[in-house]
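I opened the notebook to look up a few things in one chain. The entries below are in the order I took them.

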Amino acid sequence: MSQSRPADAFRHRSTPRIFCIGRNYAKHIEELNSSLPGAECVIFMKPASSLVAPEEAITLPTNLGEIHHEAELVIEMGHGGRDIRAEVTREHISAVGLGLDLTLRGVQTELKNSGEPWERAKAFDHSAPLAPLVALTPDIDLSDLHFQLTVDGQVRQAGHTSHMLVDVESLIAVVSQTWHLLPGDLIFTGTPEGVGPIEPGQHLALSGAGLAAAEWTIA
Ligand code: ZN
């Protein structure tokens, strides 16, 4: 009796895939002295082990340098698809919400400089705290959503989705050119300006008009 499992067994399991978009707000590109993406956008991934539910303690890597918050709008795919046209991508979204793309900034800078992949800076355990998602209803205008992150009660990031360089509909079209999107896939859509370091003991709160709020404490 074989104990082996074919690769297919892993392909459609329910664990969500997490796609993340980089460099999607001009002022954030400026604050990091980054350049505009060479292709339409920068895409990287995080494993499901990155996710942290609201109220759960966030446990971060130690001794690896500064960890920055990046507050982002998050999209959940309803039914999937490949090569989805931007005009119809909205029909493929099931829910929207807010999340944090936590980043080991010094590690990321080193990896950028040496041209290496970003996983060590972006895909560590607990690097993706996720607020509850709300069903996408017709009254939600994806290009008119305000959201903010406070750290210990002070506003650190205040974003508006109209400032995205590539809008949500187009991002889904771009990602679906490379991946056949599956139900439950999550897309973090990039962060506005205001990123900065977080430390143990601090209290983070995400909120946005029409979106579900969430809070976390750094362990
Ligand atoms: Zn990000």
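**Terms for the helix entry.** I count a contact when heavy atoms lie within 4.5 Å. I take helices (H or I, at least four residues) and strands (E, at least two) as DSSP runs, numbered from the N terminus.

**Source.** I note that this is a predicted model, where local features need pLDDT of at least 70, side-chain atom pairs count only at pLDDT 80 or more, and totals for chains, interfaces and linings use all residues. Residues are numbered from 1 along each chain as its sequence is written, and side-chain values use heavy atoms, with hydrogens and water left out.

**Whole chain.** I find five helices and 15 strands. The C-alpha trace spans about 50 × 45 × 35 Å along its principal axes. I looked up the radius of gyration, taken over C-alpha atoms, and the globule rule, which is 2.2 Å times the number of residues to the power 0.38. For 219 residues a compact globule would have a value near 17 Å, and the chain agrees, with 17 Å. Of the contacts between residues at least 6 apart in sequence, 77% join residues at least 24 apart.

**Burial.** I call a residue buried under 20% relative accessible area, exposed over 50%, and partly exposed in between (1.4 Å probe, protein chains only). Buried residues make up 47% of the 219 in the chain.

**Helix α3.** Which residues of α3 are buried? In this helix, residues 105–114, I list Arg-105, Val-107, Gln-108 and Leu-111 as buried. Seen down the axis of α3, they fall within an arc of 155°, so they line one face of the helix. The arc is that of the directions from the helix axis to the C-beta atoms. An α-helix has 3.6 residues a turn, so residues three or four places apart point the same way. On the other side of α3, I find Glu-110 and Asn-113 exposed.

What do the buried residues of α3 pack against? I note α2 (26–31), β4 (67–69), β7 (103–104) and α4 (119–122). Just after α3, Gly-115 takes a positive phi of about 70°.

**Arg-90.** I find Arg-90 in the loop between β5 (71–77) and β6 (93–100). Is Arg-90 buried or partly exposed? Its relative accessible area is 27%, and Arg-90 is partly exposed. Not counting residues up to four places away in sequence, Arg-90 touches Leu-136, Thr-137, Pro-138, Ile-140 and Leu-142. Val-74 is 16 residues from Arg-90 along the chain, and their C-alpha atoms are separated by 13 Å.
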